[in-house]
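Q: Could we go through this model together? I would like to start with one of its helices and then move on to the charged pairs.

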Amino acid sequence: MKHKFLTIFSVLIIAGLTTALAADPPPNYYNSTTGLSGNALLNALESIIDNHNNYGYNTAKEHLWENVDHAGGGNVYLIYLGGTRFAPTRDTNGTNAEHTWPQSRGADASVPRTDMHHLIVSDSTMNSRRGNLPYDNVSNPDYEENGNKIDNGRAFEPRDAVKGDIARAQFYMAVRYSADNGFSLVNGTNPSGNQMGSLSTMLEWHLADPPDAREHERHERIYALQGNRNPFIDDPGFAPRIWGGATPSPSATPTPSLTPTPSPTGPTPTPSPSPTPSPTPGPGGLIFSEYVEGSSNNKALEIWNAGNTAVSLNNVVVELYRNGDGSSPQTLVELSGTLNPGEVVVAAHSDLSHLADFEFSGSPYNGDDALVLTNGSTIYDSFGRRGEDPGSAWEGNGVSSQNQTLRRKSGIVDGDTNPDDVFDPSVEWDMFPQDDFTDLGDPPVGATPTPSPSPSPSPTPSPTPSPSPSPTMSPTPSPTPSPSPTGTPGPTPTPTPSPTPSPTGTPGVHGDAWIIRM
């Protein structure tokens with residue numbers, strides 16, 4: 001989820017273990033990589049993440065079902081199909097463990113077979129369909145399901161929302177087992193021995209789908225168990241420094257910083273215009289971007305800053321008007337902190353705490369209740385119509401607010417600031433199946449607004465010796481405590497030891513404000 005919440009920190013508790021801040025590696029964890037690139041960097045990372053805790057295959061799978069991919073209430077995440085499925089124990093209800101690096105490509109050895117950084121819970125049928133196919137783009141699929149495509153005998157292409165996750169698992173395996181098992185990534189879809197492909201496609205997916213809140217959360221759970229990290233989630237810039245390719249642009253990152261104040265904004269290195277026009281923000285730019293009215297207590301609201309300036313969330317609340325009440329709201333949730341342009345936070349019932357930045361303070365809403373996003377006299381957005389009881393749901397043209405997931409239509413950047421007007425959900429909302437959490441925590445793809453330029457420092461050309469290769473770099477990089485050298489893209493980029501902010505992926509694909517709570 002792929003969340004980036006810049007001013008609040010939370011303690012991550014996994015299986016009774018307290019770890020460091022989510023996505024924040026221990027101090028000096030990557031110190032030995034400073035100034036390195038190519039094979040030298042690969043070997044340094046291999047030394048750092050080698051010799052992790054090995055639980056054995058059955059125990060590792062138990063951790064997957066009960067912790068790593070656990071979604072609450074006996075449910076598990078399904079990476080390929082999206083959403084969750086009730087499978088309280090390993091290998092139940094049509095689920096099994098998928099080896100993203102196939103066992104036939106060397107992952108049948110005892111240690112890589114049990115490594116949770118590449119093991120995922122999968123629908124058993126989809127796992128079987130994929131087999132040991134390498135990952136690559138598929139243009140003429142023989143089979144498609146939920147965005148996954150298979151060209152039988154050649155390649156498997158996962159859905160867009162998890163392509164970066166898959167790529168970073170492949171990068172990890174190619175480094176972790178390079179010395180012990182001869183793993184490597186090659187271009188094309190005809191690997192041999194313990195190779196996997198396609199490297200060039202993995203680099204593209206890695207850049208297009210940067211780490212999100214869900215991936216960071218999963219990463220921390222594995223780290224608490226295995227004791228080693230996936231370097232490519234911590235610092236996406238490691239991949240191009242080893243294998244070449246474009247360097248991820250330093251957009252806002254889901255990595256909380258020990259220093260909450262952003263570093264000074266420099267001028268945009270490349271004057272080419274952004275492909276996404278800057279939208280006109282509503283009051284404060286805050287809007288509801290996703291509404292989940294799922295089974296039982298699976299209720300969640302995603303709030304997006306669709307404006308061009310940061311918004312303080314202090315004193316911002318979601319008011320709940322039940323059963324046609326128009327004058328006596330309950331406070332469903334109180335927000336706090338700061339939300340930067342293009343970022344989101346998720347408020348949810350405690351049953352979905354693993355996806356939430358904030359938890360509801362009372363019982364959740366139903367499909368016929370009205371919601372108002374407000375700060376005192378300022379109303380940012382509303383859902384439903386206060387003072388009206390629609391029956392069981394708000395409905396219009398086949399779109400219903402009961403037992404559904406609704407997502408704001410593309411291009412909607414202004415909230416409904418009149419909570420008393422007629423409400424037809426089909427006007428601004430698209431409907432998805434019940435308990436579909438696939439994009440929860442992800443800002444609308446391609447709709448991230450262009451942030452307003454920072455007034456400081458002076459727009460004097462940056463003294464950085466190497467220009468950034470990314471034409472869409474966000475002008476406001478998020479700070480991280482660990483330096484990450486950047487350089488000219490290519491097989492062996494030229495590093496610089498200066499403490500440049502840790503790069504992440506292309507903005508507008510997965511960028512969300514986040515705190516991990518479990």
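A: To begin with the end of a helix: H1 is followed by Asn-51, whose phi is positive, near 60°. Please note that this is a predicted model.

Q: How many residues does helix H1 have, and what should they span at 1.5 Å a residue?
A: Helix H1 covers residues 38-49, which is 12 residues, and these should span 16 Å. The end C-alpha atoms of H1 are 17 Å apart, which agrees.

Q: Which residues of H1 are buried?
A: They are Gly-38, Leu-41, Leu-42, Ala-44, Leu-45, Glu-46, Ile-48 and Ile-49.

Q: And what do the buried residues of H1 pack against?
A: They pack against four helices: H5, H6 (178-181), H9 (231-234) and H10 (238-243).

Q: Let us step back. How many helices and strands does the protein chain have?
A: The chain has 10 helices and 26 strands. Of its 518 residues, 57% are buried.

Q: Now to H8. How many of its residues are buried?
A: For H8, 14 of the 14 residues are buried, so this helix is largely enclosed by the rest of the structure. From its first C-alpha to its last, H8 reaches 20 Å, close to the 20 Å expected.

Q: Which residue caps the N-terminal end of H8?
A: Asp-212 does, with a side-chain oxygen 3.4 Å from the backbone nitrogen of Arg-214. After H8 comes Gly-227, which has a positive phi near 80°.

Q: On to charges: how many salt bridges does the structure hold?
A: There are 28 salt bridges in the structure. In general, side chains of opposite charge can pair when their charged atoms come close.

Q: What does Arg-218 form a salt bridge with?
A: Its partner is Asp-69, and the closest N and O atoms are 2.7 Å apart. This pair links distant parts of the chain, 149 residues apart: Arg-218 belongs to helix H8 (residues 213-226), whereas Asp-69 sits in the loop between helix H2 (57-68) and strand S3 (70-72).

Q: Are those two buried or exposed?
A: Arg-218 and Asp-69 are both buried. They also belong to a network of salt bridges that links Asp-69, Arg-214, Glu-217, Arg-218 and Arg-221.

Q: Which side chain meets that of Glu-215 in a salt bridge?
A: The side chain of Arg-168 does, at 2.8 Å from N to O. Glu-215 lies in helix H8 and Arg-168 in helix H5 (residues 163-176), so the pair ties together parts that are 47 residues apart in sequence.

Q: Why does Glu-215 count as buried?
A: Its relative accessibility is 5%, and buried means under 20%. Arg-168 is buried too, with a relative accessible area of 0%.

Q: What about Arg-90 and Asp-91: what is the N to O distance there?
A: Their side chains meet in a salt bridge at 3.8 Å. Arg-90 is partly exposed, with a relative accessible area of 29%, and Asp-91 counts as partly exposed at 32%.

Q: What is Ser-122 in contact with, leaving aside its neighbours within four places in sequence?
A: Its contacts are Leu-78, Tyr-80, Gly-94, Thr-95, Asn-96, Glu-98 and Asn-127.

How values were computed:
Residues numbered from 1 in each chain as written. Predicted model: local features only at pLDDT ≥ 70, side-chain atom pairs only at ≥ 80, totals over all residues. Heavy atoms only, no water. Contact = heavy atoms within 4.5 Å. Salt bridge = Lys/Arg side-chain N within 4 Å of Asp/Glu carboxyl O. Helix = DSSP H or I, 4+ residues; strand = E, 2+ residues; numbered from the N terminus. Buried < 20%, exposed > 50% of the residue type's maximum accessible area, 1.4 Å probe, protein only. Expected span 1.5 Å × (residues − 1). Polar contact = N/O pair within 3.5 Å; in protein donor to acceptor, adjacent residues only side chain to side chain.
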